[in-house]
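Please keep the viewer open as you go through the points.

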2 protein chains.
Amino acid sequence: MISVYSPKEFTKRFISKKTKKQPFAESTVKTVQSIIENVRQNGDIALQGYMEKFDGGAPKNLVVTKEERKAAWEEVPTDVVEALQKAAKNIRSFHSKQLQQSRMMEVTEEVISGQLFRPIERVGIYVPGGKACYPSSVLMNAIPAVLAGVSQLVMVTPAKAGKIAPILSVAADIAGVQTIYKVGGAQAIAALAYGTESIEPVDKIVGPGNEYVAAAKSLVFGDVGIDMIAGPSEVAVIADETARPKFVAADLIAQAEHDEKARAFLFTTSEQLLNETIVELKKQCASLSRREIAETSLKNEGGAILVESVDAAFNLVNQLAPEHLEIQIANALSYLGKVKNAGSVFIGHHTPESVGDYFAGPNHVLPTSGTARFSSGLSADDFMKKTTYVYYSEQALQHAAPYIERIAEKEELAGHGRAVAIRMNDISE
Amino acid sequence: MISVYSPKEFTKRFISKKTKKQPFAESTVKTVQSIIENVRQNGDIALQGYMEKFDGGAPKNLVVTKEERKAAWEEVPTDVVEALQKAAKNIRSFHSKQLQQSRMMEVTEEVISGQLFRPIERVGIYVPGGKACYPSSVLMNAIPAVLAGVSQLVMVTPAKAGKIAPILSVAADIAGVQTIYKVGGAQAIAALAYGTESIEPVDKIVGPGNEYVAAAKSLVFGDVGIDMIAGPSEVAVIADETARPKFVAADLIAQAEHDEKARAFLFTTSEQLLNETIVELKKQCASLSRREIAETSLKNEGGAILVESVDAAFNLVNQLAPEHLEIQIANALSYLGKVKNAGSVFIGHHTPESVGDYFAGPNHVLPTSGTARFSSGLSADDFMKKTTYVYYSEQALQHAAPYIERIAEKEELAGHGRAVAIRMNDISE
């Protein structure tokens, strides 16, 4: 079951040595480079080739039609539709409060300056379509884009025998995705980045995918924007003696069931809670459908750490910078100020991570592998650009001229200074 | 002199074919990888080796001392200090208005959720120290970090014979940089990312550098945050018949003098202005200290384009997504709403780009090579992280439980559903 570490052991194993990020395997990069090149050269024909090879045939029309999207609703149970709609409403409400307005930093008679907020024009969302499919991922990626004002929002997802998963189509409708293309894999990323006859190129690509998709995203980055390359999912639970062992265990398991590399950590001030949680982990794993995955993950990548104080727990957690942090201690909300580095925080005994994964409103696309030290989860900001602007009157420039010219001279860029000087006293004539 | 294109030719050459980003030369990457590995393994000893090889000797103490920083002030003319202080004041004022506050998206009796804004804890600024040195770059990178609340702000810059450029030290004092280390190159990036005996590792690295520095930044990205890898500098000038040819020419030259790859474009509705600007370009280049660079850049990378209307000009510019955009037309401010993609905008006949490069307040670290379609210039946001949080009461969870469980079931993640169910009805017992 879950490995037990002292704080020192934990630090040594999980924090001190920065986990060097895994670059993609050379063979993966080579494969993906050739796919991208093929799509750039041959467009739709290249896509069709890959679909025949991997997806059991190439549909004549890459676009999911209106009729197909309508028909998908018949295939999804009403109560699931209702759940997705409720979730979408919460996600919309939360993200709508992130929207910033264009503003002025200065408005005088002589100077006007500020920041414009503008939506990114075209965004593509990648949605995996393997065995399990994730409608929540459609909502989390699409809704902030719609709110930001993205004017062309498209989605790509692989079809099986010409058909995409109905629940993904329904989620796309709920979220406001305009066009869905039946294409997946690295070739879909290449098509979004560079365009084909059927697919217009976008300005930014978001959404999770397998190793090939991730490598493709990292290779097209710069030509288009991307969200982030996610590592294994993580949770850290800080718990005191008021926490319920079976709640804590269930939350650690919910993380561990993702895959063998997922990381679930418990930091607790209570030895009793630690021991009882281990008992609960055994009991709950026994009846879990993804038991083997969860047990492997807990043993190899997870950890239970007994700490001297809540402060000591926060100190370790802030160094770890986990994707998800649960605070299951008395007066949990009052500890919010201690959080320095975390993707998203779940507070109190009745806020398991799944509340946020699916429903409450905050985004579930979050920084992993310690990157919460310097980056943030997906938000409406990720679908907007900030453009600064400045207007100077002739008089304002006159006031500023000597300072600008002095700095330009010092930096040995005479032309920079002259662009000011020439406006002041006609030096070029 | 500057090449003249039709709109169609311009589109074909500069927009249609997305300029594939230049990956770093393989030999550069190999060299930089070995430098990074050496610094990770050998710390300060590795740094000393590189300094002896490249910087004419290794200083015993890597830190610029208080005495050295004080002495630097004696070496910088008072009027230059004054110019930097005025610029710093404007930059501080502009960026202080970007600061966002932690907020609540929802506060009911049952649910509390929101976003925390937290400064990145440790930031390192790279400052080149070659022939020309750029105090403006110190101000532009450091001031937003200080305002965001970064608690450890350090700077690295190469020393010559143990001494760094005095003006960089003074700029660091003005901006609020705490510690300056005498080290440059890829080894400085490695030291900031992974730490050595003398240098504490940081969470994010910003600032411009040569090819080796840029490659090092891209290699350590993921273990630390970075700002961006900048391409050649660019300006687009939109001008009508009210524009003054010599102002326009001076601004194009100010861009072109950066380096041979810099791009300066003029879009104008006036053939007369176009012709007179070309005459002015010749005249002004003749007396420019960096004449050859500017002329090469204008000819190979620049362009003058006669357009049918101001709208046509904005259409081309929005597709180009230039780093800098100047609007030199009548009623220039009223055209601000037409800007969709640009790093920073300079409005009117008396706002040359150098106003923003040095003085007005907006940042001069801006997206290049068309990346303004999906990214933004440096701002206080780049030194903060957004952490979402959510608290649910037992009752709130009860309301949400059926929806969460339905989605979890559909996504085949039973443990996610159970983390909710177990809190509702003790199913594990």
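How many residues of chain A are in contact with chain B, and how many of chain B with chain A?

1. Let's start with that count. In this predicted model, 130 residues of chain A are in contact with 130 residues of chain B. The size of an interface is often given as the accessible area lost when the parts come together. Here the two chains bury about 11600 Å² between them, and 55% of that area is on carbon and sulfur atoms.

2. Next, how the copies are related. Two copies of a chain are related by a rotation about an axis and a shift along it. For this pair, a rotation of 180° with 0.0 Å of shift along its axis superposes chain A on chain B, with an RMSD of 0.0 Å. That is the relation of a two-fold axis. The same surface serves both copies, since 100% of the contact residues of chain A recur in chain B.

3. Now the polar side of the interface. Between chain A and chain B there are 64 residue pairs in polar contact, counting pairs with both residues at pLDDT 80 or more. On the side of chain A that touches chain B, the residues divide into 59 nonpolar, 35 polar and 36 charged. Side chains of opposite charge can pair when their charged atoms come close. The two chains share 12 salt bridges. One of them joins Asp251(A) to Arg423(B), whose closest N and O atoms are 2.8 Å apart.

4. Salt bridges over all chains number 30. For one within a chain, look at Lys182(A) and Glu68(A), where the closest N and O atoms are 2.8 Å apart. Why is this pair worth a look? Lys182(A) lies in the loop between strand S6 (179–181) and helix H7 (185–194) of chain A, while Glu68(A) is in helix H3 (residues 66–75) of chain A, so the pair ties together parts that are 114 residues apart in sequence.

5. Within chain B, five bridges join the parallel strands S9 (residues 234–239) and S12 (residues 324–328), with Val237(B) opposite Glu326(B).

6. Finally, chain B has an open sheet of five strands with parallel pairing, in the order S6-S5-S4-S7-S8. Strand S6 (179–181) and strand S8 (225–226) of chain B are at the edges, each with a single partner strand, so one side of each lacks a neighbour in the sheet. Three bridges join S6(B) to strand S5 (residues 152–156) of chain B, and Val154(B) stands opposite Thr179(B).

Key:
Residues numbered from 1 in each chain as written. Chains lettered and ligands numbered in written order. Predicted model: local features only at pLDDT ≥ 70, side-chain atom pairs only at ≥ 80, totals over all residues. Heavy atoms only, no water. Contact = heavy atoms within 4.5 Å. Buried area = accessible area lost by both parts, 1.4 Å probe. Salt bridge = Lys/Arg side-chain N within 4 Å of Asp/Glu carboxyl O. Polar contact = N/O pair within 3.5 Å; in protein donor to acceptor, adjacent residues only side chain to side chain. Nonpolar A, V, L, I, M, F, W, Y, C, P; charged D, E, K, R; others polar. Least-squares fit on C-alpha atoms with pLDDT ≥ 70 in both. Helix = DSSP H or I, 4+ residues; strand = E, 2+ residues; numbered from the N terminus. Pairing = 2+ DSSP bridges.
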